[in-house]
Structures are given as C-alpha cells and as structure tokens.
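Student: Could we go through this structure together, one element at a time?
Tutor: Gladly; have a look at it here.
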Amino acid sequence: MLSDTAWRASQSETIKACRSCGSERLDLVLDLGVAPLVDRLIEVAQRDEIEPAFPLRTVFCHQCSLVQITETVDPELLFEANYPYFSSFSPALLAHSRENALDVIRTRGLSAESLVVEIASNDGYLLKNYMEAGIEVLGIDPAPGPVAAARKIGVETREEFFTLSVAERLVNEGYKADVIHGNNVLAHVADTNGFVAGIAKLLKPDGVVVIEAPYLKALIDNVEFDTIYHEHLCYFSVTALDILFRRHGLFLNEIRLLSIHGGSLRLFVEKIERVGPSVQEQLALEHAEGLDTLAYFRDFSDRVEELRRRLLELLMRLKSAGHSIAAYGAAAKAATLINFAGIGPDMIDFVADRNIHKHGKLMPGQKIPIVAPEKLLEVQPDFVLLLAWNFADEILEQQAEYRRRGGQFIIPVPEPKII
C-alpha cells in the first residue's frame with residue numbers, strides 16, 4: 001500500500017518552471033497548506049475514508065508575470081465521472097452567457113454557414129443560444145455528466161479534454177471555427193501552451209476566440225483567495241495573457257472587465273493584430289500598479305490571514321451567543337474557504353445548494369452535509385454564511401422569504417460582514 005506522500009506523488013506533479021514561459025524564477029505568493037479537491041464531494045458512506053489532498057501553493061513568475069499553483073493534479077482525478085458542476089443551475093450565469101452569445105452573433109455577423117466551438121462546454125448552457133439562432137455548434141468537455149446533459153438538449157459534444165492533437169484531428173475532419181469560446185477553462189489546463197496552440201490551429205484566419213477568465217487584479221485587491229484551488233492552475237493578468245497569446249501567433253485585441261465571479265476578463269483574441277485601447281490601457285494600468293512585479297503580491301498572504309481571523313472570530317462570537325448558522329453554496333470556492341479557515345460542522349449545520357447533483361453529499365475536507373435550499377425555510381437558521389458570494393445578488397433575491405423572516409447572511413469576501 002502506498003504511503004500518503006507516495007500516493008500524492010503518483011497522482012500529481014510539482015512544477016519546477018513556469019507553465020507559460022518555462023522560466024524557473026518562481027517566488028511564493030500564498031501557501032494554503034494541503035487541501036482536498038474542491039469538487040470531489042463525499043458520499044455519506046465514504047465519510048471515514050481518506051480523501052485525496054495536495055499542497056496548494058501559489059507562485060509568481062518573474063519572466064512573464066504569470067501567477068500559478070505549483071501542483072498539477074491528474075485531470076482524470078479532478079474531472080471524474082461524478083464531477084458535479086452544471087452551469088445551468090445558475091440563472092445569473094445563463095443570462096450572462098446568453099448576452100455573450102447574442103453579442104457575438106451580432107458583432108461577427110454569424111449565420112447558418114458559421115461554426116461555433118466551445119471548449120469546456122459543460123451542459124450546453126452557452127451553445128444552445130447559438131443553436132436557437134440556427135448556427136452550427138460543437139462542444140468539447142471531459143466530464144461525462146455535463147456532456148450527457150448537453151447531448152440531451154441536442155448540443156453535439158465530444159467527451160474529451162481539448163488538446164493540440166484534438167484540434168488537429170478536428171481540422172482533419174473538416175472543422176474550422178468562426179468562433180471559439182472558452183469560459184473559465186484556460187486556467188484549468190496543465191499544458192497551457194499546447195492548449196493555446198490548439199486554439200490557433202482550430203480557428204479560421206478571420207475568426208475570433210472569446211475567453212472568460214477570473215482577473216488576477218480582482219483576486220488580489222479583493223482578497224478572493226477562495227478562488228484558488230487545484231482545478232485553477234493559473235491566475236491571469238492581462239500582461240501574462242498578452243505574452244502567452246503572442247507566443248502562438250494570436251493577439252489579444254480587446255478586453256471587457258466583467259463583475260461575474262468576483263471580477264473577470266472577457267478576452268477577444270484573433271490571428272490579426274489590431275490591439276485596441278481597452279487592452280493598451282489595461283496593460284499600462286497593470287504596469288503602473290506593479291502587477292508585473294513580485295512587490296504587488298507581498299502583503300497578500302497577510303491580508304488572507306487577517307480575513308480568516310476576522311471570519312472565525314465572527315462565527316465563534318455568534319455561536320457563543322447561541323445562534324444557529326448554516327451556509328449557502330457548495331461551490332469549489334466554498335471548499336477552499338472552509339478548509340483553510342477550519343470551518344466545520346461544529347460551526348455550520350449544513351450547506352444549501354440548488355444543484356440537485358450535490359444533495360445528500362458532504363463537503364470535501366470538513367464533511368458538512370449538502371442539502372436543498374428549502375432547508376433554510378424549514379429550520380430558519382439565524383445566519384447563513386454565503387460561500388457562493390460571487391452570486392450574492394441572485395441568491396439574496398432567491399432567499400427573500402428567509403430574510404423576511406429575520407434570517408441574515410454573512411458575506412465573507414472581501415471582508416466579513418452581516419447583511
């Protein structure tokens with residue numbers, strides 16, 4: 001039987017050089033210790049089994065400014081058959097994605113002759129908008145559950161990880177994309193350069209790649225440390241992205257700053273260089289503020305520790321006063337937060353979530369039970385820790401009745417507060 005250390009080594013690899021440029025000049029930004037896999041929910045019958053857990057350290061590359069974690073966990077372990085994330089359970093995300101698709105259809109003049117490919121297409125939440133407009137689509141996703149859901153609504157989907165070799169095979173089959181979408185996937189890929197090379201291979205000469213990714217500046221400025229987990233290998237600034245794309249003959253020509261997921265970038269990438277003011281201005285801002293230097297990140301670890309201290313102090317004070325506390329949002333970020341902060345079932349009675357695929361399971365690490373949102377009205381806890389704070393507006397609206405009855409929410413990021 002493998003020792004714990006040997007088992008980890010067989011399931012993960014620690015990088016020695018930057019995932020983008022290959023430089024070995026990497027400096028530590030934040031160490032979150034050894035953490036469980038955030039989307040590997042626990043079956044009740046497996047409560048006492050040892051969970052996979054790996055170091056979660058974040059480093060800065062002095063050569064290309066990319067922030068990244070040092071551990072690459074086997075993707076087959078990360079995105080196994082029971083992978084529980086389904087995009088369609090969030091109305092806000094559905095509306096956001098539909099706006100994205102309709103904007104691309106209009107601005108690019110897409111028609112029935114066009115092809116739209118989405119990498120990490122999940123349950124077809126985005127591509128169905130193109131299908132409704134009579135545009136051919138192709139999804140690519142490695143997770144069996146979401147792929148089955150996408151096929152059920154008629155979205156043609158390949159069940160596999162996107163790589164350069166997959167792109168070459170698709171081109172040989174006659175595919176060339178007018179539009180390639182990649183929402184919250186670029187950060188998930190261990191072979192960063194192979195992934196981008198594959199995009200360049202599959203894209204038509206006049207096509208566009210539309211990528212969304214959490215923005216590093218928002219992560220650091222708002223202490224969003226809970227968005228760091230093993231699925232997210234990289235954390236992107238515009239500076240690092242511009243360098244990465246240019247390496248493969250692609251040009252970051254336009255960006256839009258989005259509020260979703262606590263602050264994200266929508267990137268418009270083409271084979272033709274026509275860099276617009278939105279990119280030029282953001283590059284200049286990042287340089288002026290020092291995102292291309294280690295100094296920008298030096299106090300981040302201290303601010304994370306202070307947030308943890310204040311959140312625990314608040315929860316313990318409420319518990320000591322006899323209050324009941326639940327949580328909302330069995331999201332990936334939730335697992336990072338509760339495990340780093342040490343928030344377990346002694347503080348939180350349960351975690352409510354709309355995703356039916358998570359009900360009856362336990363949160364990774366802390367093993368807090370996951371239930372349907374209706375439980376909030378059944379037991380009316382005094383406080384609810386909003387772990388999915390990135391969808392706060394949507395959740396607060398959904399839980400208007402809970403709040404009308406006197407229930408209050410605790411928002412943990414960027415600083416703990418009760419609303």
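Tutor: Let us begin with a term: buried means under 20% relative accessible area, exposed over 50%, and partly exposed in between (1.4 Å probe, protein chains only). Helices (H or I, at least four residues) and strands (E, at least two) are DSSP runs, numbered from the N terminus. This is a predicted model, where local features need pLDDT of at least 70, side-chain atom pairs count only at pLDDT 80 or more, and totals for chains, interfaces and linings use all residues. Residues are numbered from 1 along each chain as its sequence is written, and side-chain values use heavy atoms, with hydrogens and water left out.

Student: How many of the residues of helix H12 are buried?
Tutor: H12 spans residues 332–341. H12 is mostly covered, the buried count being 9 of its 10 residues.

Student: Which residue in S8 is the bridge partner of Ile-119?
Tutor: Ile-119 lies on one side of strand S7 with Leu-115 and Val-117, and these are buried. S7 and S8 (residues 136–141) pair in the parallel sense over 5 bridges; strands pair if DSSP finds at least two bridges between them. In S8, the partner of Ile-119 is Ile-140.
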